[in-house]
Amino acid sequence: MKSILKIMTLLFSASVLLSSCGNNNGKSSGNNSALNSSNAEKVYVAPGEYDEFYAFMSGGYSGNLTVYGLPSGRMFKEIPVFSQFPTTGYGYSEETKPMLNTSFGMVPWDDSHHPDISQTNGVLDGRWVFINGNNTPRIARISLKTFETEEIIEVPNSAGNHSSSFITENTEYVVAGTRFSVPVPQADLPINEYKGKFKGALSFISVDKETGRMGIKFQILMPGFNYDLSHPGRDKSHGWFFFTTYNTEEANSLLEVNASQNDKDFIAAINWKKIEEYVNNGGGTKMPANYAHNVYDEHTHTATSTMEKEVLTVNPADVPGAIYFLPTPKSPHGCDVTPTGEYIIGNGKLSADLTVHSFSKMLDAIENKKFDGDAYGIPILKYEDILAGVVKSGGLGPLHTEFDDKGNAYTTFFISSEVVKWKIGTWEVIDRKPTYYSVGHLMIPGGNSRKPFGKYVVAMNKITKDRYLPTGPELEHSAQLYDISGEKMELIYDFPTHGEPHYAAGIPADLIKGNSQKIYRLDENKHPYAITSPDQAKVTRNGNEVHISMAMIRSHFTPDNIEGVKVGDKVYFHITNHEQDFDVPHGFAMIGANNSELLIMPGQTKTLTWEPKQVGVWPFYCTDFCSALHQEMQGYVRVSPANSDIELSWSLDGE
Amino acid sequence: MKKAGIIMIIGSLLLMGLFKFPLWNIMLGAPQYPEPLGMDIYIDGIKGVSEFDLQNIDGLNHYIGMKVIPKPEEMWEFSAFPKVIGGMVALGVLIGILGFIGKVSYKWFIGWFILMSILGVLGMYDFNQWLTAYGGDLDPHAIIKVINPDGTPMTYKPPLLGYQKMLNFDVTSLPHTGAYMMFVGMTLTIVAFFVGKKEHKKA
């Protein structure tokens, strides 16, 4: 009997060993209790404890930015950026509608892709995070003090704002490149005249050192290729910017085939310092344009939208020696630069291999004028002269590469669905782990800087299938967290992500958590309809516009009885939250309002409009369970017929 | 009696700390307030430990019908206390100087101490009276009225010293830096008395 037990124990341990060695299938690794318990410890953040990193994940087609903790994978917040967000009233309130203004009018949605955190000297400084709107080209800046969108600038002459929003190492510029080339300026052209007539605009948007305020400094009008992704040079290559291209064939239809004919496309290497100097000395051509610049002021709690009418363009031929093409095989997608700035990696998405270019070899080739012809006057360097190495990965469909702080690189392979770890310099593959499934970007906190924090890598997948309990045909996307502190990567966690995260930016929590604002100061509220004391509450009429300046505090509105409103009026509820206590927002919802609710933070003022259509007495209430008396936090508006002569009146408790 | 005089002067001057630091501190923690709200009681008024604490304490207290925390001009104590402390400092320093140059006896030192102790006890008595009034004088229309098991309405007097659980709040009331400086100062005046006595015997 004893021996049978022994044998069974042995067999059981053997199966444990086997599954820990060879089995990387997430489904059956569930059998491995010993390994799983140590993995559980790695991702377990005890109740009340904090995560080590913030991860800002793009929302993709949600148009927003989500904030997660790592390693726990817990989501803390969804920050509305390019999309209306009825939860808070963003894009619905009078104050925030201008944030979504564009040259096309209000565009209440976008496709947000690549967040990037501001840097100083190539190191994350945690002041702002930038993100691009891909569809209607825009760049947004989000404050890491308020975690709110502070600014959105539209990018003219661009379409499919995809090789964006990457920042230079002192946040001098946030760079936005066009994926789709278009006529510049836009014109009524036959589409098949694409070749030679369409341009690809690469925009360098300056960022004010103090305020973060953005402005388009210059646009380079490049040949009509597709500019797919980009990254800044750093450290030794600071001053340069690298963009992958595809469709150097300049096809305008069935790109799937027609843009995949050239064996090599290009990485465009741009010496932006040289072009900056050129425009600072009066170079470039001012071109009429029309694009929105929307700025939110945290003191007036109000956004303003200004239409800019001009943009400075640069023709590459006018700045010789500033732009070169680096031939790169197989329609490269991701364009990544190592922390030292020496290597530029082209992830040839139709290939098994990665191409690594050397920055020093590139400079050398330029100096010795070793060119292999030109494209539209831009010199093409010789592939062999600039090549540092090729990573023979054995995987298929490399998309993106990030870096740790130990000289390793990590590349995602979409087709073979895996992350591959390789050594910078020797180009040898060290490890590979599957992802679930079809990974797009990956993220290492600080992985796009001189100083990565190489403890975790997050893989962001495009396909979820069976990873979680099924929720019908539509699923959230899935992310996997790998521990990369050792030689081999270890899959330690798997969690769903909201929207469709493309890229993400991570940062040690200690760098920003202390700056997170708790309240808005009421005594700094400069909103024109704000009231700082309940006795200033008032209701005024201007034609058919009724303006209500209202206060809210636990647990009542001042005023809460309003009469004299008529059918056909447009009622503006300007509501100020008088709390000055952390995490005491109040909500406001009006029956029949055709927009959204408002969620108003302490010290903040927001405005909701309401156009009453029916006679009656209509209630409003607080939507945020603010206090023990939350259910009592309500009020009424009496709506009289349009021809009524009832005067405006308002009160709280009969006063 | 030079040494004793100097100690007396230093001891009296330590009371000046009350003009800079709080005399007393009351902290209110609760599940919803992991960072407790707090009030620092100075001789010339009450301030929040964090900027908006008083407003937030008042906001919570309105549920149980408590009056708002008094402003300095609403209580005579906040104008009288600084004068009394200032006067006692001046008196102590004067006695110290006179002792130093041998014009008064060391017994004056203990005299000052006894006077200060009487004033201190009166002050504490007055403070306790205020706490009782503050915690017990409730609005009859209060939103939440809690009845004690014995049928009397619950009142909310914070403890004068120490800890007390009040509804969901953990209330702690303790002396603060100003008070500790005063205690040390007063102790030094007793030391001055004994040192003075010793010096007197030697001489």
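Predicted model: local features only at pLDDT ≥ 70, side-chain atom pairs only at ≥ 80, totals over all residues.
Reader: Where in chain B is confidence lowest, and where is it highest?

Author: Confidence is lowest in strand S4 (residues 162-166) of chain B, with a mean of 93. Helix H2 (residues 17-20) of chain B has the highest, at 97.

Reader: How do you know which stretch of chain A has a pLDDT below 50?

Author: Chain A as a whole has a mean pLDDT of 94, and 95% of its residues reach 70 or more. Over residues 8-31 of chain A, however, the pLDDT is below 50. Beyond near neighbours in sequence, this stretch has 15 contacts in the model.

Reader: What are the domains of chain A, and how far apart are their C-alpha centres?

Author: The domain assignment gives domain 1 (88-332 + 363-374 + 382-387) and domain 2 (522-651) of chain A. Their C-alpha centres lie 42 Å apart. The contact takes 10 residues from domain 1 of chain A and 16 residues from domain 2 of chain A. Residues are counted as in contact because their C-beta atoms, placed from the backbone, lie within 7 Å. The side of domain 1 that touches domain 2 has 1 nonpolar, 7 polar and 2 charged residues.

Reader: How many residues of chain B are in contact with chain A, and of which classes are they?

Author: In the model, 6 residues of chain B are in contact with 6 residues of chain A. The side of chain B that touches chain A has 3 nonpolar, 3 polar and no charged residues.

Methods: Residues numbered from 1 in each chain as written. Chains lettered and ligands numbered in written order. pLDDT = per-residue confidence, 0-100. Contact = placed C-beta atoms within 7 Å. Domains from an automatic or database assignment. Nonpolar A, V, L, I, M, F, W, Y, C, P; charged D, E, K, R; others polar. Helix = DSSP H or I, 4+ residues; strand = E, 2+ residues; numbered from the N terminus.
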